[in-house]
Amino acid sequence: MDEKMKEYAAILEENIKEHGVVEETVIAMEECAELIQAISKVKRYGFVGEYKDNLIEEIADVDIVITELLMVFNVTEEEFFNVLDRKIQRINSRLEGKF
């Protein structure tokens, strides 16, 4: 893990301690809802201007809360990447079946 990632992890650990697990999981739900809304607006108005900026902001927020959720629930990198790999391989299999 490079220095920037270590810095981020320390900040997020402190954030979890400050707010608590319950509040951070509620915030994660709220951030996911805000991402849904931002996607909806981009679909309606286009990936331009304030809608583009807001979508990028919400993607970053969701990335942060996903990292916090992995930390809160003690999900190891190995566990996460095993599931991620399985899901990516499933997508690939579906794509290969279309050709």
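In which helix do Glu7 and Lys4 both lie, and how many residues apart? Both residues belong to helix H1, three residues apart, about one turn of the helix. The structure is a predicted model, in which local features need pLDDT of at least 70 and side-chain atom pairs count only at pLDDT 80 or more, while totals for chains, interfaces and linings use all residues. Residues are numbered from 1 along each chain as its sequence is written, and side-chain values use heavy atoms, with hydrogens and water left out.

The predictor's confidence in each residue is expressed as pLDDT, from 0 to 100. The average for the protein chain is 95, and 98% of the residues score at least 70. Helices are DSSP runs of H or I with at least four residues, numbered from the N terminus. Among the elements of the protein chain, the highest mean pLDDT (98) belongs to helix H2 (residues 21-45), and the lowest (94) to helix H1 (residues 3-19).

A salt bridge is assigned where a side-chain nitrogen of Lys or Arg lies within 4 Å of a carboxyl oxygen of Asp or Glu. Two salt bridges are counted by this rule. In one, Glu7 is paired with Lys4, and the closest N and O atoms are 3.7 Å apart. In the other, the side chains of Glu3 and Lys6 meet at 3.8 Å, N to O. Glu3 and Lys6 are separated by about one helical turn because they are three residues apart in helix H1. For solvent exposure, residues are termed buried under 20% relative accessible area, exposed over 50% and partly exposed in between (1.4 Å probe, protein chains only). Glu3 is exposed, at 60%, whereas Lys6 is partly exposed, at 44%. Glu7 is partly exposed at 39% relative accessibility, and Lys4 is partly exposed at 42%.

Surface patches are made of residues with over 30% relative accessible area and no salt bridge; like charges are joined within 9 Å, and nonpolar side chains (Val, Leu, Ile, Met, Phe, Trp, Tyr) within 5 Å. Accessible areas come from the Shrake-Rupley method with a 1.4 Å probe, and for residues only the protein chains shown count as cover. Phe73, Val75, Phe80, Phe81, Leu84, Ile88, Ile91 and Leu95 make a nonpolar surface patch of about 690 Å². Ile88 is located in helix H4 and is partly exposed, with a relative accessibility of 44%. A positive surface patch is formed by Arg86, Lys87, Arg90 and Arg94. In this assignment Lys and Arg count as positive and Asp and Glu as negative, without His and the chain ends; the place of a charge is NZ of Lys, CZ of Arg, CG of Asp or CD of Glu. Arg90 is found in helix H4 (residues 77-97) and is partly exposed at 39% relative accessibility.

Asn74 lies in the loop between helix H3 (49-72) and H4. Although Asn74 is not a glycine, its phi is positive, at about 55 degrees. Asn74 is exposed, with 63% relative accessibility.

Glu31 lies in helix H2 and is buried, at 15% relative accessibility. Asp61 lies in helix H3 and is partly exposed, with a relative accessible area of 25%. Asp61 and Val26 are 35 residues apart in sequence, and their C-alpha atoms are 13 Å apart in space.

Methods. Helix = DSSP H or I, 4+ residues; strand = E, 2+ residues; numbered from the N terminus.
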